[in-house]
Amino acid sequence: VLSGNSDTASCLQQSIRHHARYSLGKEWRGLSHQEIFTAAALAVRDGLVDRMLETEERYSKRDPKRLYYLSIEFLIGRSLTNNLCNLGMLDAWRQALSALGLDPRDIEESERDAALGNGGLGRLAACFLESLATLDMPGYGYGINYEYGLFRQEIDNGYQTEKPDNWLESGTPWEIERLDDACVIPVYGRIEHAVDRRGNYNPMWMDWKVLIGVPRDMPIVGYGGRTVNILRLYAARSSRDFDMQIFNEGDYIRAVEQKMASETVSRVLYPSDSVAAGQELRLVQEYFLVACAIRDIVKGYGKTHDSFREFPSKVAIQLNDTHPTLAVAELMRILVDEKDLPWEEAWEISRATLAYTNHTLMPEALEKWPASLFEYVLPRHLQIIYEINRRFLEQVAVAFPSDGERLRRMSIIEEGDRKQIRMAHLAIVGSHSVNGVSRIHTELVKKSLVPDFHQLWPERFNNKTNGVTQRRWLLAANPALARLISDTIGSGWITDGDALRALEAHCDDEGFHKEFRAVKRSNKERLAAVIKDTTRQTVDPDSLFDVQAKRIHGYKRQLLNVVRIIHEYFRLRDNAEQPAVARTCIFAGKAAPGYWMAKQIIKLINSVGRVVNTDPIIKGRIKVVFIPDYRVTLAETIVPAADLSEQVSTAGTEASGTGNMKFAMNGALTIGTLDGANIEIRDDVGAENVFIFGLTTEEIQQMRAQGSYRPREYYDRDPYLKQVIDSLDSDVFSPQEPGLFGWISGMLLDSGDEHFHLADLPAYIAMQERAAAEFRTTAIWTRKAILNVARIGRFSSDRTIRQYAREVWNIESV
Amino acid sequence: MEMATEKTGDVTVVVLLGEQLDAGNAKDFKRDIAALLEPRGKVVFDLARLQFVDSSGLGAILSCLRQLNAGGGDLKLCGMSKPVRALFELVRMHKIFDIYGTQEEAVRAFGQ
């Protein structure tokens, strides 16, 4: 169906009708939009499957080195539009649907997001897979087929409430179940210490329970459609003879409960920040992913290779953060226990195969698991980790003689009342490459997070600044801007981000300015309609759309933004000042369900909005809206409509950020701190085209070390600031719930605010005033916006993947 | 678990006729096999028909080996299918058993 050209639309139309009848078993008449979506997705999938099989054949002929990307999250979002876009079939699709008397948008919007991730880490994984396919590189994703994705967020009286996201309720047409590749995964049990036939120590893993991992393949098509790679997602099933003993003993209910417990393993995605250390199910989940993936990778390799000598030259495994770190122990277990390789040889192979990406600097986010839990869930793996650690510490002792303190710091096992396994240490010891995700982040990993490891193995550390795919985040999400760019400089930018540079030649072209602004204006109208629909608020598309869309978290400092809004509000209200521009402050993002402070911030945003938006003195010069249920699909509407992109994390806390790249790619100007990839964006797009403010990482580190941050000094010095903080103590924004926000002033002034809000606030206010003034000068603002788009090419995930391919994975386009 | 037993010289060959040995039948298997595990017994288990063994099944086979070894006898295995072999490897039990491709090879090994 997809091989035609002029006939593509009619072939597609026929195929959709065919699937409606023979896959859904229904008459065309009376089908719901959801059903038509399913039929359409199946029609598109047919074409993907053909190309997937062709791709595999091409790979098989060459037997190239393959990359396997292990990630506990893949935040895919919708797939239909992107698949059509990458197959070059969007026009045919629109024609086909029109011929069927349907609006393609209605059908596209019937698709539910695959929300198998919390935020940046999962979306990065999805962008990477798309880039690998576009670059014709053999790269596969391995993840979990969660039955429930990240919760759906609703706002009730200004508070976040969470609703389950049962995205697989009516199935997904994109996945192909592979029962023939199901695998047996043992878990729990005990070690029986025995000797083998030669008299050597032979620990045996006995009395385990069984999980069955059933893979489902999601085709990932690259731009142009030449390559279709696979994202393999595993669902946990109980074994076919689930607890037969219990069943035979007549306890049917207990047997069914056991079956349900097995299947719970892949039931729900853990919201970030709520993974309390020691949660058994989460550890089983991480192990389940790793065990299924490694077993599958080894099986695939074994089909064409007799020995493991070549394994590292045919297989690269990337660990996306510490969640899949058990891969180190699992690969060693397979090589030593099952394949009988000597420990030293197995270790060499394993280390040459594995590489680890660090995503966070916050010590509390670095995973640790109690050794006692490990012993209970994975007794054999714990033995292997102890042996890895023993050999590693011997190496450290040789490199740094008589340095017991260093051994204690570097050990994979944290000693104490409660022994813990440090997963980041295991990942570093077990990998040949350790990378951070932006320049500054990598430097901080080396200097602050794990300096001992960097001192021992400096060659192991490297930087791979994150990127985003311009196919989803510009071509598909912002078709009007994509068309304008292609009409102006050609379409090379779609697969070559650097080609966007050619837009620089048009940054002073009045005609181009006009068209560029018209695109932004229509995107803002589209977002205004969504805001109206979801919040009942009317916003003015001519106002400055000032957007902060990301997870709600202390370090991301949504609070800084809100405090500034209150500050501006009081100035307008009390002094009858006119703002430089009318501003619509748009927030979106989810708070982890157990993160009280983040949920309070959502309530604060909504409460401030309620007061500001209805104050007759303000007359709409400031509007504050919180758009509920931030997800990939919503981001695709928000990002193209933004004028100003808020990236205001405390310096030294955001590893990279990728929202910052998406916004700039769509012509929003960044207002941000010198943190994560903001620094590199500034370097590339030009300091004059972004609004950078605030303390540097070094300044914050110094203030921390010296204890010199005294927020009360800022409070006492600035009467406006005092008024803002006092208002949180009063009930201005919480008339119905007195004292609701009192905790905020206490936190900001007296409780050691670890995010330095007041230290950065004056500079932030000043920079916002400058941004507003510049927004009024349309030509200057438009020029800057164009230059942001023109110079953002380096932040394409294609560039990131090329770097990984060359410097870490050693894979090539096939 | 149904079993067929035959004697080849002083070696007892036990053919396991079921497809799975697991928590559902491991207990019965241990009871039924007990009579064949005599002191100084030479026993071969032919596992060719077996497709799945869980940890209870593996435990049952291991206890047979232990019992025979304790009385000066031995147990050898043969005819393992790929999935069963994989499960033995998973728990490192392949290192403590003598495993052969065919019955003949296993029986012959007792004479060497």
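Two strands are said to pair if DSSP finds at least two bridges between them. With that settled, I shall present this structure, which is a predicted model.

Let me begin with a pairing in chain A. Strand E20 and strand E23, the latter covering residues 644-647 of chain A, pair in the parallel sense over 2 bridges. Within this pairing, Asp546(A) stands opposite Leu644(A) of E23(A). Both strands belong to an open sheet of chain A, whose 6 strands run in the order E22-E21-E20-E23-E24-E25 with parallel pairing. At the edges of this sheet are strand E22 (622-626) and strand E25 (691-692) of chain A, each of which pairs on one side only.

Next, I turn to the loops on either side of E20(A). Arg536(A) lies in the loop between helix H21 (510-535) and strand E20 (544-549) of chain A. Arg557(A) is placed in the loop between E20 and helix H22 (558-575) of chain A. Arg536(A) has a positive phi, near 65°, although the residue is not a glycine. For Arg557(A), likewise a residue other than glycine, phi is positive and near 60°.

A second pairing in chain A is of the antiparallel kind. Strand E9 (residues 190-195) and strand E10 (residues 201-206) of chain A pair in this sense over 6 bridges. Arg190(A) has Met206(A) in E10(A) as its bridge partner. Together E9(A) and E10(A) make a hairpin, with 5 residues between the strands. In its turn, Gly199(A) has a positive phi of about 90°.

I now come to a pair of helices. Two packed helices are described by the angle between their axes and the distance between the axes. For helix H11 (residues 326-338) and helix H12 (residues 343-353) of chain A, the angle is about 140° and the axes are 9 Å apart. H11(A) and H12(A) are therefore oblique to each other, since an angle has to be over 145 degrees to count as roughly antiparallel. Their crossing is right-handed. On the side of H11(A), the residues in contact are Val328(A), Leu331(A), Met332(A), Leu335(A) and Val336(A). They meet residues of H12(A) that include Trp343(A), Trp347(A) and Ile349(A). Of the residues in this contact, 9 are nonpolar, 2 are polar and none is charged.

Lys662(A) is located in helix H25 (residues 659-665) of chain A. With a relative accessibility of 9%, Lys662(A) counts as buried, because the limit for that label is under 20%. Not counting residues up to four places away in sequence, Lys662(A) touches Arg123(A), Val468(A), Trp473(A) and Val639(A). From Lys662(A) to Gly436(A) the separation is 226 residues in sequence, and 20 Å in space from C-alpha to C-alpha.

The other lysine is in chain B: Lys76(B) has its place in strand E6 (residues 74-78). Its relative accessible area is 6%, and Lys76(B) is therefore buried. What is Lys76(B) in contact with, leaving aside its neighbours within four places in sequence? Among its contacts are Val43(B), Phe45(B), Asp98(B), Tyr100(B) and Phe110(B) of chain B, and also Arg197(A) of chain A.

Technical notes: Residues numbered from 1 in each chain as written. Chains lettered and ligands numbered in written order. Predicted model: local features only at pLDDT ≥ 70, side-chain atom pairs only at ≥ 80, totals over all residues. Heavy atoms only, no water. Helix = DSSP H or I, 4+ residues; strand = E, 2+ residues; numbered from the N terminus. Axes fitted to C-alpha atoms, helices over the stretch in contact; angles between N-to-C directions. Parallel < 35°, antiparallel > 145°, perpendicular 65-115°, else oblique. Left-handed = near helix turned anticlockwise from the far one by under 90°. Contact = heavy atoms within 4.5 Å. Nonpolar A, V, L, I, M, F, W, Y, C, P; charged D, E, K, R; others polar. Buried < 20%, exposed > 50% of the residue type's maximum accessible area, 1.4 Å probe, protein only.
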